[in-house]
Amino acid sequence: MNHLTFRRQFLLSSQSVKTLPHWNQEVLGKYTLYTHQDLARFRTSGKTAEAILLGHVLDPKDYARTEVDILNDLVALPTVENISEILYSLSGRFVLIVRIGERMLFFNDACGLRSFFYTEDGGALQLASQPLLLKLAVGDKVAQGARYKSFFESAYGQKKETYIPSGTSLYEGVYHLVPNHFLDSSTMQQERYWPKEPHALKEYKPSLEKFTTLLQQILVTGAKKYKLALGVTAGFDSRIILSASKPVKDTMLYYTLKYRDMTHKSRDIRIPSKLNDIMQFNHQVYNCQIPIDEEFIKVYAQNSDMAHVDDWGFIAYGISQNLPKDRMAIKGSCSETGRCYFYKSGQHPN
């Protein structure tokens, strides 16, 4: 069960961290990069730069193009303009570190789904996938101050679903990288790299065709590279992805989570089951209402300072007991970037 502690996470620190003895360690300049054994990582070097990618990335137009191929293209011309142009065409969930001499540039995926937080300690940058890992490096300098106390004592902080604005954290002096920005270690500033010019409005129908083609390309390419699984609900987003996945549905696993007070009559259970009768897409219902193992509760609570064991903990445990370990689960997160929620026709009224 200890293997689940901070699973697939990372820490970049100038400090020696003795509490992560089983993690992979590699030197990057004056820093040590600690990565959990289950976090995919790729590294390459060029004439003037080296790059490390943590997580997964794919080129929707070329499934055979590997992470190392992409990194080689990045280090061949390690400018912000070239890096942003290459990243623009990719899909995935990753953090990218590019080192040019003593200078380091940090990027992540377009929606910031593989997030990272950072702070300074004695002039040295400390960076990790979450604040609790930063605490392992610099101790009480990552402290639960007034902001942390104010949040958790508020009515909002008591809710099971809480969100913190992008770019901030509950800890004083700990910051979060905003999507579509990069962090420059030489200035300790976040800079926007996309978009850098005014957006040109295009006609609705060609844009729709371009978007749906790209979405299907991502799924078809992803299914060649990974064994995919899709969580299906009654929601608009997952049904869009379900529709786009038709060409590869025979290789994919589709599932619905039964949690909280849901029954077989709940719309999130009933509608996917009904769609399965029509499409025959290998659909499973996973029970997330089962009692949680005590050891799992302990690890789950340690993994996040915002853990809600009595709710999300049940969901996480149910997934861990049901979803095959070799499957990569995909979601319809951040779909608002590809559709207009308020004007579903795409036409803004006068």
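First, a term I need: two strands count as paired if DSSP finds at least two bridges between them. I also keep in mind that this is a predicted model.

**Entry: strand E7.** I looked up E7 and strand E11 (residues 181–184). Two bridges join them, and the strands run antiparallel. Phe106 stands opposite Leu183 in E11. I then turned to strand E6 (residues 91–100). Six bridges join E6 to E7, again antiparallel. Val95 has Asn108 in E7 as its bridge partner. E6 and E7 form a hairpin with two residues between the strands, and Gly101 there takes a positive phi near 65°. Is E7 mostly covered or mostly open? Five of the six residues in E7 (residues 103–108) are buried, so I call a residue covered here when its relative accessible area is under 20%.

**Entry: the open sheet.** I traced six strands in the order E2-E3-E1-E9-E8-E10, with antiparallel pairing. Strand E2 (24–28) and strand E10 (175–176) are the edges; each has a single partner strand, so one side of each has no neighbour in the sheet. Inside this order I checked strand E1 (residues 10–13) and strand E9 (residues 124–128), which two bridges join. Leu12 stands opposite Leu127 in E9.

**Entry: the charge.** Which residues form the positive surface patch? I found Arg239, Arg267, Arg270 and Lys274. Helix H7 (residues 267–279) gives the largest share, three residues. Arg239 lies in helix H6 (residues 236–244). Arg239 counts as partly exposed because its relative accessibility is 35%, and that class lies between 20% and 50%.

Technical notes. Residues are numbered from 1 along each chain as its sequence is written. This is a predicted model: local features need pLDDT of at least 70, side-chain atom pairs count only at pLDDT 80 or more; totals for chains, interfaces and linings use all residues. Side-chain values use heavy atoms; hydrogens and water are left out. Patches are made of residues with over 30% relative accessible area and no salt bridge: like charges are joined within 9 Å, nonpolar side chains (Val, Leu, Ile, Met, Phe, Trp, Tyr) within 5 Å. Accessible areas come from the Shrake-Rupley method with a 1.4 Å probe; for residues, only the protein chains shown count as cover. A salt bridge is a side-chain nitrogen of Lys or Arg within 4 Å of a carboxyl oxygen of Asp or Glu. Lys and Arg count as positive and Asp and Glu as negative; His and the chain ends are not counted. The place of a charge is taken as NZ of Lys, CZ of Arg, CG of Asp or CD of Glu. Helices (H or I, at least four residues) and strands (E, at least two) are DSSP runs, numbered from the N terminus. Buried means under 20% relative accessible area, exposed over 50%, partly exposed in between (1.4 Å probe, protein chains only).
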